[in-house]
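The entries below follow the order in which I looked.

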Amino acid sequence: MEQTIDPTLGPVLARTGDERAVLTSFLDFHRAVLLRKLRGLSDADARRRLVPSATTLAGLVKHLTLVERNWLPTLLAPEPGDVYLTSEEDAVASFTLGDQETIAGITEAYERACARSRAVAASVDLDHVVPHAQLGEVSVRWILVHMIEETARHAGHADILRELTDGEAGAL
């Protein structure tokens with residue numbers, strides 16, 4: 001019996017692709033999973049604290065917006081005003097929501113950050129190496145793997161928070 005695989009899943013489509021196609025499809029998949037966790041929620045539900053830490057569904061998306069900006073554009077193709085953020089204060093602030101922040105605004109900011117990250121990553125060879133203040137040097141390949149790990153980890157957190165919010169679970 002032949003097994004059918006959902007062809008809409010990027011990683012499945014890239015299963016025989018080159019290294020860049022595999023890396024970017026897994027990253028895009030986890031980015032999409034994260035945003036799916038906000039679908040259908042009210043702003044109040046997305047910012048509700050359900051665990052002892054300040055982690056919320058909306059806060060995870062806001063945090064990953066900073067992660068996208070920090071790791072790809074700021075390191076590889078900084079524009080005026082781009083600053084690589086590393087302090088504990090920056091980390092806490094990246095999860096913290098302002099009173100006026102909404103799911104729509106946070107989602108839009110994340111999608112813009114991802115689009116910029118995609119464009120920057122596509123313009124640089126995987127072997128390209130850049131200086132990093134804490135790690136010495138990092139390659140684009142390493143950055144993409146790190147982004148997959150970071151995004152997937154937080155998408156898993158989002159899955160748990162969504163299940164605690166309304167019982168909905170699963171990647172899709």
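At what angle do helix α2 and helix α4 pack, and how far apart are their axes? I was working from a predicted model, and there I found that α2 (residues 19-36) and α4 (residues 57-71) pack at an angle of about 150 degrees, with axes 10 Å apart. Since angles over 145 degrees count as roughly antiparallel, I noted α2 as roughly antiparallel to α4. I also recorded that α2 passes α4 in a left-handed crossing.

Next I listed the contact itself, where Arg31, Leu34 and Leu35 of α2 meet Leu60, Val61, Leu64 and Glu68 of α4.

I then turned to the nonpolar cores, of which the largest has 35 residues, with Leu76, Ile143 and Leu144 making the most contacts inside it. At least two residues of this core come from each of α2, α4, α5 (73-76), α7 (103-122) and α8 (140-166). For Ile143, leaving out residues up to four places away in sequence, I wrote down Trp71, Leu72, Leu75, Leu76, Val130 and Val138 as the residues touched. Another core, of five residues, lies apart from the largest one and includes Leu9, Val12, Phe29 and Ala155.

My last entry concerns Pro73, which sits in helix α5. Is Pro73 buried or exposed? I noted a relative accessible area of 1% for Pro73, so this residue is buried. Beyond its neighbours within four places in sequence, Pro73 is in contact with Glu68, Pro78, Arg116, Ser117 and Val120.

Conventions:
Residues are numbered from 1 along each chain as its sequence is written. This is a predicted model: local features need pLDDT of at least 70, side-chain atom pairs count only at pLDDT 80 or more; totals for chains, interfaces and linings use all residues. Side-chain values use heavy atoms; hydrogens and water are left out. Axes are lines fitted to C-alpha atoms, for helices over the stretch in contact, and angles run from 0 to 180 degrees between N-to-C directions. Helices (H or I, at least four residues) and strands (E, at least two) are DSSP runs, numbered from the N terminus. Angles under 35 degrees count as roughly parallel, over 145 as roughly antiparallel, 65 to 115 as roughly perpendicular and the rest as oblique. A crossing is left-handed if the near helix is turned anticlockwise from the far one by less than a right angle, and right-handed if clockwise. Contact means heavy atoms within 4.5 Å. A nonpolar core is a set of buried Ala, Val, Leu, Ile, Met, Phe, Trp, Tyr and Cys residues joined through side-chain atoms within 4.5 Å. Buried means under 20% relative accessible area, exposed over 50%, partly exposed in between (1.4 Å probe, protein chains only).
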